[in-house]
Amino acid sequence: MKRSTIFSTPLLNSVLTVLSKVILRLIGWRIAGQLPATPKFVLVAAPHTSNWDFILMLLVLFSVRADLHWMGKDSLFPKPFAGFMRWLGGIAVNRRLASNTVEQMVAHYQAHDDLAVIMTPEGTRSKVTTWKTGFYHIAHGAGVPIVLAYVDGANKTVGLGKLFTPSGDVEQDMAAIKVFYAGYQGIRPELT
């Protein structure tokens, strides 16, 4: 099943693509890498140190015409705005259910032929020493790869990094993922 989103609206998608490329060029940011051709994946975006990270990532996603989704608690999807929020790529997650968020997202991946969801492992813009592992468990449970995307404030680059396949060994895989991100500074380097 294909979800209808802002990215599947041809005219609007074309306008946003051109506009995003112009804005990125004007503010001096560039895109490195590209998204994989695989229909399902989890995109991890880090380091997440500023509200500008979200805006930059949106500009990049529109520039490369990436049909990515995001998760939000179901209270962010009230009637009559629920359809609009889904059109913007939102996936409502019910935190009150006995099943947890990981199980709900694995079910979403299983129900769709193509699905890519963006997540930030820090879970906040503040400095953290330990990343949340929900993105990892979702990818592993759904049997999909992880795209390691990054914001590199020092070089004004948003990168669509390498494809990472979770092995099931959380500690070893998270250590490898952290090594990938070690060389990148967020927009606010003091929080990286």
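This is a predicted model: local features need pLDDT of at least 70, side-chain atom pairs count only at pLDDT 80 or more; totals for chains, interfaces and linings use all residues.

Visitor: Which helix is Ser20 in, and what is Ser20 in contact with, leaving aside its neighbours within four places in sequence?

Guide: Ser20 has its place in helix H1, and, once those sequence neighbours are set aside, Ser20 is in contact with Leu59, Phe62 and Ser63.

Visitor: How do H1 and H2 pack, then?

Guide: Helix H1, residues 10–27, packs against helix H2, residues 52–63, at an angle of about 130 degrees, and the axes are 7 Å apart. That angle makes H1 oblique to H2, and the crossing of the two is left-handed. On the H1 side the contact is made by Leu16, Thr17, Ser20, Lys21, Ile23, Leu24 and Ile27, while H2 brings Leu56, Leu59, Val60, Phe62 and Ser63.

Visitor: What does that contact look like by class?

Guide: Sorted by class, the contact of H1 with H2 has eight nonpolar residues, three polar and one charged.

Visitor: Changing topic to the sheet: what is the strand order?

Guide: It is an open sheet of five strands in the order E1-E7-E6-E2-E5, and the pairing is mixed. E1 and strand E5, residues 115–119, stand at the edges with a single partner strand each, so one side of each is left without a neighbour in the sheet. On average, and with direction ignored, neighbouring strands are turned by 20 degrees against each other.

Visitor: Which sense do E1 and E7 pair in?

Guide: Strand E1, residues 30–33, pairs with strand E7, residues 157–164, in the parallel sense over four bridges, and Gly33 has Leu160 in E7 as its bridge partner.

Visitor: And how many bridges join E6 to E7?

Guide: Six bridges join strand E6, residues 146–152, to E7, and the two run antiparallel. Among the facing residues, Val147 stands opposite Leu163 and Asp152 stands opposite Thr157. E6 and E7 form a hairpin with four residues between them, and in the turn Lys156 has a positive phi of about 50 degrees.

Visitor: What about E2 and E6?

Guide: Strand E2, residues 40–46, is joined to E6 by five bridges, and these two strands run parallel. Ala45 has Ala149 in E6 as its bridge partner, and Val44 stands opposite Leu148.

Visitor: Which helices pack on or lie across these strands?

Guide: Helix H5, residues 134–142, packs on the sheet and touches E2, E5 and E6, with its direction at about 165 degrees to that of E2. Helix H6, residues 170–181, lies across E2, E6 and E7 and runs at about 30 degrees to E6.

Visitor: Back to E6: how many of its residues are buried?

Guide: Seven of the seven residues of E6 are buried, so this strand is largely enclosed by the rest of the structure.

Visitor: Which residues of E6 lie on which side?

Guide: In a regular strand the side chains alternate between the two faces of the sheet. In E6 both faces are covered, with Ile146, Leu148, Tyr150 and Asp152 buried on one side and Val147, Ala149 and Val151 buried on the other.

Notes:
Residues are numbered from 1 along each chain as its sequence is written. Side-chain values use heavy atoms; hydrogens and water are left out. Two strands pair if DSSP finds at least two bridges between them. Axes are lines fitted to C-alpha atoms, for helices over the stretch in contact, and angles run from 0 to 180 degrees between N-to-C directions. Angles under 35 degrees count as roughly parallel, over 145 as roughly antiparallel, 65 to 115 as roughly perpendicular and the rest as oblique. A crossing is left-handed if the near helix is turned anticlockwise from the far one by less than a right angle, and right-handed if clockwise. Contact means heavy atoms within 4.5 Å. Ala, Val, Leu, Ile, Met, Phe, Trp, Tyr, Cys and Pro count as nonpolar, Asp, Glu, Lys and Arg as charged, and the others, Gly among them, as polar. Buried means under 20% relative accessible area, exposed over 50%, partly exposed in between (1.4 Å probe, protein chains only).
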